[in-house]
Amino acid sequence: MNTAKDDCFVVKGKLALPYQYFAGKTGSRFIISLRDEHKIRGLKCEKCGKVFVPPRSTCDICFENIADKWVDVANTGTVTGFTIIRYEEPHQPVKPPYVLGLVKLDGADTPIAHIVKGVALSKMAVGLKVKAVFAKKTTNSIMDIDHFQVVGDKPKFELGYSYEELEVGMSASFTKTISETDVYLFAGISGDFNPMHLNEEFAKLTPFGTRIAHGALPQSLIAPVLGMKLPGLGTVIPEITVKFRKPTYFGDTITAVGEVVEKIEKKKWVRMELRWTNQKDELVAEGSCLAIPPAAFLKK
Amino acid sequence: MKKNRNVGIIGVGQSVYSSHREEVNQPEMIHEAVAEALAHAGMTIDDIDCIVHGNMELFEMVHQPDCWHSLGIGSVGKETLRVTTGGTTGATICATADYLVASGLHDVVLAVGFEKLQEGHTTGGITNMADPLWARQLQTGALTGMTAAAVIEEFGEERAKKASMKYRIIMDKHAMKNKKAHRRLGLEFDQADDLMVNSPALVGELRMIHMCSQSDGACAVIFASEEKAKQFRKNPAWIKDHITVHREESFGCFGDEPFVLSHRYAAEKLFARNGIKNPRKEIDMFEMYDPSSWWGLDWLREFLLFDGDEHLKMVENDEITIDGDFPINPSGGVTASNPIGATALVRVAEAALQIMGEAGEHQVPKTVNQALASGFGGTLWTVLFLLTREAP
């Protein structure tokens with residue numbers, strides 16, 4: 001068969017099909033409630049007890065005319081289904097990616113389709129609680145609800161990486177300049193008023209020739225790394241070992257780095273290498289720790 | 001046509017026909033017709049086994065409306081088919097329902113046709129029918145003045161125009177008896193001379209007054225097997241036979257060569273196989289799909305297999321009025337109400353009501369033993385139904 005397309009016309013066309021849709025009394029009343037009162041109403045079939053939102057004049061199950069059986073439903077509801085739209089095309093209401101969800105409002109038996117916002121796409125789930133956010137401008141359509149916003153079950157704190165999320169090679173750091181004030185306050189916290197940290201004249205007699213910070217002061221800078229960055233909030237550190245390599249002088253800027261080097265599958269712990277350096281990239285201290293990352297279930 | 005078993009019409013429902021049914025959405029409007037048909041048959045939706053749904057493609061710019069119309073039709077949990085064959089859709093729905101029951105696949109089938117012409121753009125939809133390479137850029141939609149020109153050429157301007165206007169005014173007088181009809185103008189015969197000159201011209205001598213309306217409306221008809229039909233109704237209207245004749249998509253494909261119109265071809269075949277030798281005498285009334293009074297007039301000749309001016313005489317001699325010898329469209333016909341996807345279904349429904357004797361104010365005063373109902377669409381397509389009072 002010869003499938004060559006030379007000299008074959010393609011007739012280009014464009015159809016304009018303008019249309020309007022008569023919403024009817026029932027559909028119009030629903031929109032008017034939305035628009036004027038920010039109230040969502042449904043129609044209830046008294047035979048089967050179902051409340052339909054969006055409203056329908058006939059219960060399709062009982063085939064009863066229910067056009068005047070209006071009931072109020074809440075502006076809050078639960079996501080019963082969703083999909084994430086990732087491709088872009090001109091008919092979409094918002095720019096992708098976005099979530100199109102089915103929301104069963106509290107007091108309704110049927111879900112309504114709408115845009116769901118306020119949740120990371122990876123965290124979008126059936127069962128999330130949502131609340132209607134009404135549009136600033138009316139269009140006399142279902143878009144008088146701008147979208148449904150996820151509420152309630154959002155975690156209060158942003159927990160750190162779970163064991164599953166942690167990977168060997170991940171690292172984080174914290175940097176701070178150590179001042180005389182830091183050293184004096186640390187002396188108060190620890191009760192270590194050793195003159196090598198506080199008395200310059202005494203310090204001149206030591207091998208360092210000047211005051212130095214307490215060894216535990218730069219060491220403590222790993223705490224914000226492990227507890228607040230990697231793994232982060234929710235982490236427990238059952239073991240930490242440190243070797244001190246160089247003193248920290250007043251005015252030194254210390255960077256504490258933690259890096260995941262091993263995942264301990266049996267315990268769901270990680271081993272991390274720790275390093276402290278100063279502004280001259282000199283190694284101030286090094287060590288390692290075990291970290292128990294926040295449990296995955298805490299994050300849901 | 002060989003039939004496995006008899007099929008009867010046992011329930012008819014119609015919405016009110018109007019130019020704008022803004023107070024109801026599509027499923028709500030359809031529900032009016034379905035609820036009335038169920039009540040007329042003395043049934044509930046549970047008695048329905050299967051639903052056939054149809055309307056024009058593209059007219060409301062909706063896709064697969066049968067799915068969301070389930071709210072009004074009652075098709076939840078039931079087998080549902082969508083049928084769309086242009087203007088003949090309503091009659092094709094009837095043919096489908098008849099096949100489904102006659103075959104034994106279902107005992108009771110609900111046929112539903114609807115249209116909301118004000119929601120869409122009819123000419124846009126119809127133009128899309130034409131072949132994209134040869135004809136689409138040249139289409140003018142549903143209007144044509146060809147028939148008016150042909151009738152005028154054959155019978156002279158005065159006689160042709162008068163007969164066409166008289167046909168139109170008779171249809172309006174019929175519509176005045178039908179409370180559900182869309183256009184009920186209250187025309188009188190002495191307005192004919194004025195209207196045939198002063199009504200706005202559309203194409204050639206086809207004027208606004210001759211042309212059918214654009215209506216919103218729905219019709220529902222319940223078909224049942226003989227056993228079921230007799231269970232629910234003592235006077236079903238029986239489907240004796242029907243025929244479908246669809247032809248090529250271009251009016252001009254035969255050039256100036258004379259050709260047999262699909263109406264005549266359908267009528268010849270249908271009458272022959274049912275032993276009807278003189279349709280004018282043997283048939284008691286006719287619900288014709290008459291999109292304009294020029295077509296209604298001209299097609300009477302085709303359907304009744306006349307060759308001369310007998311059809312004009314029928315109009316001139318008042319034979320086609322509701323109390324005449326051969327009543328045409330006691331409902332007011334298509335020039336009064338035209339919700340296209342339902343229009344051909346309404347023809348069958350109205351013929352059935354006439355046989356049952358339940359057409360109300362527009363019931364013909366004589367017993368209707370045998371009735372014709374036609375559907376029209378496309379580029380001269382025909383579906384022709386023969387209904388009887390006695391079970392075939």
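**Domains in chain A, helix pairs in chain B**

Student: How far apart are the centres of domain 1 and domain 2 of chain A?
Tutor: The two centres, taken over C-alpha atoms, are separated by 54 Å. This is a predicted model, where local features need pLDDT of at least 70, side-chain atom pairs count only at pLDDT 80 or more, and totals for chains, interfaces and linings use all residues. Residues are numbered from 1 along each chain as its sequence is written, while chains are lettered from A and ligands numbered from 1 in the order in which they are written.

Student: Which residues does each domain of chain A cover?
Tutor: Domain 1 covers 24–151 and domain 2 covers 171–299, with bounds from an automatic or database domain assignment.

Student: Switching to chain B: at what angle do α6(B) and α7(B) cross?
Tutor: Roughly 130°, with the axes of α6 (residues 146–155) and α7 (residues 157–175) coming within 7 Å. Axes are lines fitted to C-alpha atoms, for helices over the stretch in contact, and angles run from 0 to 180 degrees between N-to-C directions. Helices are DSSP runs (H or I, at least four residues), numbered from the N terminus.

Student: Which residues make that contact?
Tutor: B:V151, B:I152 and B:F155 of α6(B), with B:E157, B:R159 and B:A160 of α7(B); contact means C-beta atoms, placed from the backbone, within 7 Å.

Student: And α10(B) with α12(B), what angle there?
Tutor: Roughly 35°, and the axes of α10 (residues 262–273) and α12 (residues 293–303) come within 8 Å.

Student: Which residues meet?
Tutor: From α10(B), B:H263, B:R264 and B:A267; from α12(B), B:W299, B:E302 and B:F303.

Key:
Helices (H or I, at least four residues) and strands (E, at least two) are DSSP runs, numbered from the N terminus. Two residues are in contact if their C-beta atoms, placed from the backbone, lie within 7 Å.
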